[in-house]
Amino acid sequence: MIANPLTAFDWTSLHTFLVVARGGGSATRASEMLRVDATTVRRRVASLEDALGLSLFVRSGRVSQLSGDGERIFAIVSQMEELSRAISRDVTDASRDLVGVVRVSTMEGFGSYFLAPRLNEFIQQYPGLSIQLVASQTILNLSEREADISLNMVRPRRGRLIVRRAGYFGVGLYGSPAYLERAGVPSVLADLRSHEFVTYVDELISVPHVRWLPDIIADPRSRFACTSLVAQYEATVEGAGLAMLPTFMARRRGGLVRVMPTQIDLVRDWWLVVHADLQNVPRIRAAITFINDTMRRDQAILMSDPAGQTSE
């Protein structure tokens, strides 16, 4: 019968008992393995015996052997040790499993017309992962953990962030066949003064890097302005005017004609950003690798016009 039942097992004492037993009952040998003094080893074993109300060793002079009770406790504690190792292995394996949610923040046009059509490949490749795509005109704050990964035109300069250039894309001037038939096809920059443009609402632009039109014409005529690049695309398709659009958007659905491709041919960068604390998390690393590989594979699409001709 146990005189003083253990209500909370002291694993240090149990582990010390295992080491002593495996070392032939020698406290000195166990102290070398545990890197504590022999007195501490003897005190831990004595404390365990007192708690259990059992004599775990039979001592004969300087030699100690497991008692009958000691043999029984040794078998139980050995199983406990193996279970402890199993828990450790399970936790380690779980941390390596590709499970969970990855949230990616990017610009509306890129997210809708380039990344979204390719993300099914990602979720098919990783059945345990889910993706949240935040495609908007604003950039989420990685430091506040609003997103795991940011893919944008803005290169951050501050914060504990890992920043890498993921690729680049072309921007051209486009109009619908109906608009160009009505207003004429411009051939030189001076001709643009007589055309209507679909533009951004200047005071509501949160990312100045999307203001492409001022690079080709000052004070463009515009009767249609909106905050959404996708809305600009749709309005341009319907003949509302000319618009500066990423070439991958125009390629995706067609229906537009590129105007003055040799004179108006902008190139902009994509920056992939992740918080330093997350860069080696398996699910985040899987998403980063997928995005980088996809952008390298389809870089020609990011730079090509609707006819598939790549800008150089």
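Me: Buried means under 20% relative accessible area. What makes Met 260 count as buried?

Reply: The model is predicted. Met 260 has 5% relative accessibility, and the cut-off for buried is under 20%, so Met 260 counts as buried. The residue is found in the loop between β10 (257–259) and β11 (266–275).

Me: What is the phi of Met 260?

Reply: Met 260 has a positive phi of about 50° although it is not a glycine. Most residues other than glycine have a negative phi.

Me: Where is Arg 35 found, and is Arg 35 buried or exposed?

Reply: The loop between α2 (27–34) and α3 (38–52) holds Arg 35. Its relative accessible area is 77%; exposed means over 50%, so Arg 35 is exposed. Arg 35 also has a positive phi, about 60°, and is not a glycine.

Me: How do you know whether Asn 152 is buried or exposed?

Reply: Asn 152 has a relative accessible area of 1%. The limit for buried is under 20%, therefore Asn 152 is buried. Asn 152 is found in strand β5 (residues 149–152).

Me: What joins the side chains of Asn 152 and Ser 150, and what makes the term apply?

Reply: The two side chains are joined by a polar contact of 2.7 Å. A polar contact needs a pair of N or O atoms within 3.5 Å, one able to donate a hydrogen and the other to accept it.

Me: Why are α5 and α7 called roughly perpendicular?

Reply: Their axes cross at roughly 65° and come within 7 Å. The class roughly perpendicular runs from 65 to 115 degrees, and α5 and α7 are therefore roughly perpendicular to each other. On the α5 side the contact is made by Glu 108, Gly 109, Ser 112 and Tyr 113, and on the α7 side by Leu 229, Val 230, Tyr 233 and Glu 234. These residues divide into four nonpolar, two polar and two charged; Gly counts as polar and Tyr as nonpolar.

Me: Why is α5 called oblique to α9?

Reply: Helix α5 (residues 108–125) and helix α9 (residues 282–297) pack at about 120°, with axes 11 Å apart. Roughly perpendicular ends at 115 degrees and roughly antiparallel is over 145, so α5 is oblique to α9. Among the residues making the contact are Phe 110, Phe 114 and Phe 122 of α5 and Phe 290, Met 295 and Arg 297 of α9. The contact of α5 with α9 divides into eight nonpolar, two polar and three charged residues. The crossing of α5 and α9 is right-handed.

Me: What makes Ala 235 count as buried, and which residues does Ala 235 touch?

Reply: Ala 235, found in helix α7, has 11% relative accessibility. With the cut-off at under 20%, Ala 235 therefore counts as buried. Not counting residues up to four places away in sequence, Ala 235 touches Val 198, Phe 224 and Ala 240. Its C-alpha atom is separated by 9.7 Å from that of Ala 225, 10 residues apart along the chain.

Me: How do you know whether Gln 299 is buried or exposed?

Reply: Gln 299 has a relative accessible area of 14%; buried means under 20%, so Gln 299 is buried. Its place is in helix α10 (residues 299–302). Gln 299 touches Gly 167 and Tyr 168, not counting residues up to four places away in sequence.

Me: How many of the residues in the protein are buried?

Reply: Buried residues make up 44% of the 312 residues. The protein has 10 helices and 11 strands.

Conventions. Residues are numbered from 1 along each chain as its sequence is written. This is a predicted model: local features need pLDDT of at least 70, side-chain atom pairs count only at pLDDT 80 or more; totals for chains, interfaces and linings use all residues. Side-chain values use heavy atoms; hydrogens and water are left out. Axes are lines fitted to C-alpha atoms, for helices over the stretch in contact, and angles run from 0 to 180 degrees between N-to-C directions. Helices (H or I, at least four residues) and strands (E, at least two) are DSSP runs, numbered from the N terminus. Angles under 35 degrees count as roughly parallel, over 145 as roughly antiparallel, 65 to 115 as roughly perpendicular and the rest as oblique. A crossing is left-handed if the near helix is turned anticlockwise from the far one by less than a right angle, and right-handed if clockwise. Contact means heavy atoms within 4.5 Å. Buried means under 20% relative accessible area, exposed over 50%, partly exposed in between (1.4 Å probe, protein chains only).
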